[in-house]
Amino acid sequence: MPGLVSVKTPPEAPPLRITVPADSSPAPIRPSSDRSDPPNPKTASPLTRRPPSPSPSTSRAKPSPDRSSGKKKSPEKPLLDESSLDNPDLGPFLLKLARDTIASGDGPGKALEYALRASKSFERCLSDGEPSLDLAMSLHVVAAIYCSLGRFEEAVPVLERAIKVPDAARGADHALAAFSGYMQLGDTHSMLGQLDRSIECYKEGLKIQMGALGETDPRVAETCRYLAEAHVQAMQFDEAENLSKRTLEIHRVHSPPASLEEAADRRLMALICEAKGDYESALEHLVLASMAMIANGQENEVAAIDVSIGNIYMSLSRFDEAVFSYQKALTVFKSSKGDNHPSVASVFVRLADLYYKTGKLRESRSYCENALRIFAKPVPGTTPEEIASGMTEISAIYESFNEPEEALKLLQKAMKLLEDKPGQQSTIAGIEARMGVMFYMVGRYEEAHSSFESAVAKLKASGERKSAFYGVLLNQMGLACVQLFKIDEAAELFEEAREILEQECGPCHQDTLGVYSNLAATYDAMGRVEDAIEILEYVLKLREEKLGTANPDFDDEKKRLADLLKEAGRSRNKKAKSLENLIDPNSKRTKKEGSRKWSAFGFRN
């Protein structure tokens, strides 16, 4: 799972550009066709970059916070008397001042003051409650400036006010203004790590856009793709697949064969198919996307698709073909971008992973070291997100080398690169979860518990409380609690993990069965023998009726159940054996759970 959860990455601190139209109605603007690549399914943490949402408002910028804006300034005199805000000509004038202030490089602070007063003026000049597009536009500008200052929480209520201003029933201008507001609000929630709220806003925006433009308009296709990418980040692959199919159908009608739009659609479809384990379909989409890019002369894009094709071949254990695809991409990247470009490093990481899987450990380590040298001295234009993504992937390979300390160092470096970046909460949570697992494996249980606890808090804040990854994380945190003799807390965590994994994965999934076993042992340790017996009987019934009895866990669980049934006939005074199994670091069960959960987090064995 962690290879697919992703969060939108903001652009690297460009100067804020806010364009205020001269007329009073927002003109619908077609989204740019220069969209980001689909997320790399092999990335060990969600570090994908999302394109700007297809909003008709040009004020929806998402730049990084301006650090210099945090300095306190002495209060200035009000720009205008409050009574002058009743002048209907003042609002457009103040918006123009805001635009000119940004363009002159004076900073967003003063522009924010102009924009706030403009919105107040527009609000005062409303006639009989008539919806004002000028007011909606000024609120969009205010929200965009708040975001440029890193004040995303303050932008949310402004945008919630903005989406209530237009009346979609009054025509396309009002509908598109409402659409713009919902998309901007969705982006702002995403920057706060609130992916569930973000998706709801995008859905509402898409609904309004389809009502205004029709269901087959090319601009609707762009919004469908944008929403599909958000669903991929939330690991809602069925919803993402349906939206991607709709996008592909619209582009088939409105675009020529082998268009760039079709190529982008197919790359996203390939990502979704790969996530669902349908590698053959993913490969088909990637080949068609590559042909479209070749027809359009997009050499670097063809190389990026070759990397994705190599990933699919590796998943299918077709290693020779994977090496060929990676080497093709590597040749293009070196010739077009230079030997020290992060794209070259990313191919080195893929080759390192491949050679590890084929038992060529020396070659694997060499490629890891070459990639780290590139990340240590990044070329201008390399983003912290790219470096963090590469370090996270390399850490997984060092983990496979059984070098957890080196892997931990890389994860700590990756987290430090992302810690002050907006919209990276889920990414950091994934890194902390992996750090927790490695702390657990080396016996540093306090640090493991702290890492898990921090990751859980971030996922809760971002609305990912019902994902399978969240359930697995709770289970691993429960194991850390057991090692620290926090049995009551462990039981609560196992119970919550069971509820989530039953819902997301089903009772027969290996992760769910692992939680059942842990919970039964914890109940036994707490003296709740009847509850432990009930769970083990349920697990054994599942294995006998649906999964078979060949699994070595079956004999272990059967023996544990027999012991509990025997002990249930007398008073329980002695120390529970299940507690010993959970706590003893040399016990068979602790080793087995550690290995299982390592894999469950998506880490390489």
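Me: Which residues are linked with Asp238 in a network of salt bridges?
Reply: Asp238, Glu241, Lys245 and Lys276 are linked in that network. A salt bridge here is a side-chain nitrogen of Lys or Arg within 4 Å of a carboxyl oxygen of Asp or Glu. Before going on: this is a predicted model, where local features need pLDDT of at least 70 and side-chain atom pairs count only at pLDDT 80 or more, while totals for chains, interfaces and linings use all residues. Residues are numbered from 1 along each chain as its sequence is written, and side-chain values use heavy atoms, with hydrogens and water left out.

Me: How many salt bridges does the structure hold?
Reply: The structure holds 25 salt bridges.

Me: OK, what does lysine 96 form a salt bridge with?
Reply: Its partner is aspartate 100, and the closest N and O atoms are 3.0 Å apart. Helices (H or I, at least four residues) and strands (E, at least two) are DSSP runs, numbered from the N terminus.

Me: Is lysine 96 buried or partly exposed?
Reply: Lysine 96 counts as partly exposed, because its relative accessibility is 42%. Aspartate 100 is also partly exposed, with a relative accessible area of 31%. The cut-offs: buried means under 20% relative accessible area, exposed means over 50%, and partly exposed is in between (1.4 Å probe, protein chains only).

Me: Which side chain meets arginine 365 in a salt bridge?
Reply: That of glutamate 403, at 2.7 Å from N to O. Arginine 365 lies in helix 14 (residues 361-376) and glutamate 403 in the loop between helix 15 (384-400) and helix 16 (404-418), so the pair ties together parts that are 38 residues apart in sequence. Arginine 365 is partly exposed at 28% relative accessible area, and glutamate 403 is partly exposed at 25%.

Me: What ring does the charged end of arginine 365 sit over?
Reply: The ring of phenylalanine 401, with the charged end 4.5 Å from the ring centre. A charge sits over a ring if NZ of Lys or CZ of Arg is within 6 Å of the ring centre and within 35 degrees of the ring normal.

Me: Switching to aromatic rings. How many aromatic pairs does the count come to?
Reply: The count comes to seven aromatic pairs. Rings of Phe, Tyr and Trp (its six-membered ring) pair if their centres lie within 6.5 Å; planes under 30 degrees apart are stacked, over 60 edge-to-face, and the rest tilted. One of the pairs is tyrosine 356 with phenylalanine 401: the centres are 5.6 Å apart and the planes are at 70 degrees, so this is edge-to-face.

Me: Where do tyrosine 356 and phenylalanine 401 lie?
Reply: Tyrosine 356 is in helix 13 (residues 342-357), and phenylalanine 401 is in the loop between helix 15 and helix 16. The pair links distant parts of the chain, 45 residues apart. Tyrosine 356 counts as buried at 19% relative accessibility, and phenylalanine 401 counts as buried at 13%.

Me: How far apart are the C-alpha atoms of serine 400 and tyrosine 356?
Reply: They are separated by 8.3 Å, although the residues are 44 apart along the chain. Serine 400 is in helix 15 and counts as buried at 12% relative accessibility.

Me: Which residues do ring pairs link into a cluster?
Reply: Phe348, Tyr355 and Tyr367.

Me: Last topic, which residues does the UniProt annotation "repeat: TPR" cover?
Reply: In an unreviewed entry, UniProt gives that annotation to residues 303-336, 388-421 and 513-546. UniProt positions are in the numbering used here, feature names are shortened, and annotations may be inferred rather than shown by experiment. In the model, residues 303-336 are 91% helix and 0% strand, with the end C-alpha atoms 10 Å apart. Residues 388-421 are 82% helix and 0% strand, with the end C-alpha atoms 12 Å apart.
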